Amino acid sequence: MTMRRITRREMMKLGLAAASLGLPGLSRAAAWPARPVRLVVPSAAGGSPDAVCRILAEELAVSLGQSFIVDNKPGGAGNVGMVDLVNAAADGYTIGYGNVGTLAINKSLFRKLPYDPDKQLVPVGLLGYVQNALVVRKDLGVNSVQALIALAKAKPGTLTMGSAGNGTTGHLSGELFKSMTGTSMTHVPYRGSPQAIQDLMGGQVDLMFDNLSSISPHIKAGRLKALAVTGAQRSGLFPDIPTLAESGVPGYDIVAWGGIVAPAKTPPDIVARLNSAINASLAKATVRDRYAAIGFETLTGPPARLTERVARETPLWAGVIKRSGAQVD
C-alpha cells in the first residue's frame, strides 16, 4: 500500500512537472489575444499602408475575437513607427506593418538607422504588394510619359515631384525615373500620401509616383491623369494604363510590398497563431476582392516568406539608391 501511494504521488508530481513545461506555450496561444492588439502603421492615415492594414485589422478582429487598433505613426520614412514598434513589449499585443521601405530600403537610404530591422523584429507574414502609378495634375498639359520626359528636359529642375515622404517607393520610383530618363525634377517630400495628393490636385506640385491603393480613387474620378504604372505588367485595376517599360523606359520595374512584423522575442506560438489567422483572412474571396479594389495583390505563406523577400530585395534597392543618388541624411 505504501509503495503504491508513493508511486502514485510521484507519478502525479511528474505529470504536473511535464504539464508545466508544456503549458506556457499552449496557454499563451490559447489565451492570446485577451485584450485589444495595437497595429503600428509607420505612415499617415489615408495612405496605402493604412488602407491595407485597416482591411486586415477588421478581419483579424472577427477571427480572433479582439479589436486590432490601427495606430498611425508617420515620419522619418517610417523610422518613427519602427522605433515605436521595436521598443514595445514583445507580448503579442503590439505588432506592426513592415514594408519595402522600413525593412529593406532604409538600410541603404540612411547612414545610421535608429532601429535594426533584422535583429529587433521578427516576421509574422507577407501580405502582398501594390504597384505605383505615375500621375500628373490635369492642367500640366501632358498625356504620355514621353511628353513628360520632353517637358522635363525642356525645363530642367522646374517640374516639382511630390511624394509620400523621403525614402518611400514613391520617392525612389521618381528618382529611378529621373536617372533612367536623364531628366531633372525637384523632389517635394510630404508626411504621407494624402497631403501630397491634395497639393497635386491643387496645383502646388506637378506630378508624383504613388501606390495605387491610395491614388486609384483620384484616377477613377478623373481628378488626376495617370500616365503609367511602375510594375513589369499592367495593373488589373487599370488595364488601359501602360507600364513605364511599355512607355519608353525599358527595364523599369518597381512594386511596393509589405507584411506584418513584431518585436523580437515575441513568443513563437503567438507568431504562429497570428500567421495562421492572417493567411486564413487573405484566403477569403471577399477579402481578396477588397484588396483588388485598391490594387493590392495578396500573398500568403509562412513568416519565412517575408524574410526571404527582405533578403532578396535589400541589395536591389541598394542598387537603385546608388544609381539615383537619393539620400536622406
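Start with strand S5, residues 160–163, in this predicted model. Both of its faces are covered. On one side sit Thr160 and Gly162, on the other Met161 and Ser163, and all of them are buried.

Now look at what lies beside S5. You can pick out a partner here: Ser163 is bridged to Pro189 in S6. To get from S5 to S6, the chain passes through helix H6, residues 169–181, and this β-α-β crossover is right-handed.

Next, let us move on to helix H8, which spans residues 212–220 and includes Ser214. Is Ser214 buried or exposed? Its relative accessibility is 7%, and buried means under 20%, so Ser214 counts as buried.

What does the side chain of Ser214 make a polar contact with? The partner is the side chain of Asp210, at 2.6 Å. Leaving aside residues up to four places away in sequence, Ser214 touches Gly46, Gly47 and Ser48, and also Ser193 and Ile197. Find these residues in the structure, and you can see what surrounds this buried serine, Ser214.

Methods: Residues are numbered from 1 along each chain as its sequence is written. This is a predicted model: local features need pLDDT of at least 70, side-chain atom pairs count only at pLDDT 80 or more; totals for chains, interfaces and linings use all residues. Side-chain values use heavy atoms; hydrogens and water are left out. Buried means under 20% relative accessible area, exposed over 50%, partly exposed in between (1.4 Å probe, protein chains only). Helices (H or I, at least four residues) and strands (E, at least two) are DSSP runs, numbered from the N terminus. Two strands pair if DSSP finds at least two bridges between them. A crossover is right-handed if, with the strands pointing away from the viewer, the path from the first strand over the helix to the second runs clockwise. A polar contact is a pair of N or O atoms within 3.5 Å; within protein, one must be able to donate a hydrogen and the other to accept it, and residues adjacent in sequence count only if both atoms are side-chain atoms. Contact means heavy atoms within 4.5 Å.
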